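Please open the model in your viewer and keep the selection tool at hand. The stops below take you from one selection to the next and say what to look for at each.

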Amino acid sequence: MSNFTRNELANTLSQRLAIPVDRAKGVVDQTLDALAEALAAGQKVEFRGFGIFDVVNRKPKIGRNPKNPSAGQYQIPARRMVRFRVGKQLFDKLNPT
């Protein structure tokens with residue numbers, strides 16, 4: 001199984017919408033930039049039927065290297081992470097009955 005990349009998305013949009021690939025790449029780039037800006041501002045991004053992207057705060061925790069347990073423990077700082085929750089229509093496509 002291979003990855004579906006940004007370029008492949010732009011090529012697919014170009015074919016489906018009958019627009020030049022460069023224009024489709026611009027649309028994809030602008031869309032992803034707008035999503036990233038909204039998430040960075042703490043907003044929830046919702047696509048009905050597809051899913052919801054939101055920002056969650058992870059607490060700091062103690063970590064260790066499982067390959068070298070004698071190296072000791074270290075502090076993993078608190079972080080903001082993006083969480084994705086799948087929508088019903090996408091869930092149903094992934095799990096047909």
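A patch, as the word is used here, is made of residues with over 30% relative accessible area and no salt bridge, with like charges joined within 9 Å and nonpolar side chains (Val, Leu, Ile, Met, Phe, Trp, Tyr) joined within 5 Å. Accessible areas come from the Shrake-Rupley method with a 1.4 Å probe, and for residues only the protein chains shown count as cover. The model is predicted, so that local features need pLDDT of at least 70 and side-chain atom pairs count only at pLDDT 80 or more, while totals for chains, interfaces and linings use all residues. Residues are numbered from 1 along each chain as its sequence is written, and side-chain values use heavy atoms, with hydrogens and water left out.

**First selection: the nonpolar patch**

Select Phe47, Phe50, Phe84, Val86, Phe91 and Leu94, which form a nonpolar patch on the surface with about 560 Å² of accessible area together. Strand S5 (79-86) and helix H3 (88-94) are the elements that give two or more residues to this nonpolar patch; helices (H or I, at least four residues) and strands (E, at least two) are DSSP runs, numbered from the N terminus. Within strand S5 you will find Val86, which is partly exposed because its relative accessible area is 39%, given that buried means under 20%, exposed over 50% and partly exposed in between (1.4 Å probe, protein chains only).

**Next: the aromatic rings**

Rings of Phe, Tyr and Trp (its six-membered ring) pair if their centres lie within 6.5 Å, and planes under 30 degrees apart count as stacked, over 60 as edge-to-face and the rest as tilted. By this rule the count comes to 2 aromatic pairs. Show the rings of Phe50 and Phe84, whose centres are 5.7 Å apart and whose planes stand at 55°, so the pair is tilted. This pair links distant parts of the chain, with Phe50 in the loop between strand S1 (45-47) and strand S2 (51-58) and Phe84 in strand S5, 34 residues apart. Phe50 counts as partly exposed at 41% relative accessibility, as does Phe84 at 37%.

Because Phe53 lies in strand S2 and Phe84 in strand S5, the pair ties together parts that are 31 residues apart in sequence. Phe53 is partly exposed, with a relative accessible area of 23%, and Phe50, Phe53 and Phe84 form one aromatic cluster.

**Then: the charged side chains**

Side chains of opposite charge can pair when their charged atoms come close. A salt bridge is a side-chain nitrogen of Lys or Arg within 4 Å of a carboxyl oxygen of Asp or Glu, and the count by this rule comes to 5 salt bridges.

Which residue forms a salt bridge with Asp54, the closest N and O atoms being 2.8 Å apart? Select Arg83 to see this partner; the pair links distant parts of the chain, with Arg83 in strand S5 and Asp54 in strand S2, 29 residues apart. Arg83 counts as partly exposed at 37% relative accessibility, whereas Asp54, at 9%, counts as buried.

Asp54 lies in strand S2 and Arg85 in strand S5, so the pair ties together parts that are 31 residues apart in sequence.

Finally, move to helix H3, where Lys88 and Asp92 both lie, 4 residues apart, about one turn of the helix. Lys88 forms a salt bridge with Asp92, the closest N and O atoms being 2.9 Å apart. Lys88 is exposed, with a relative accessible area of 60%, and Asp92 counts as partly exposed at 36%.
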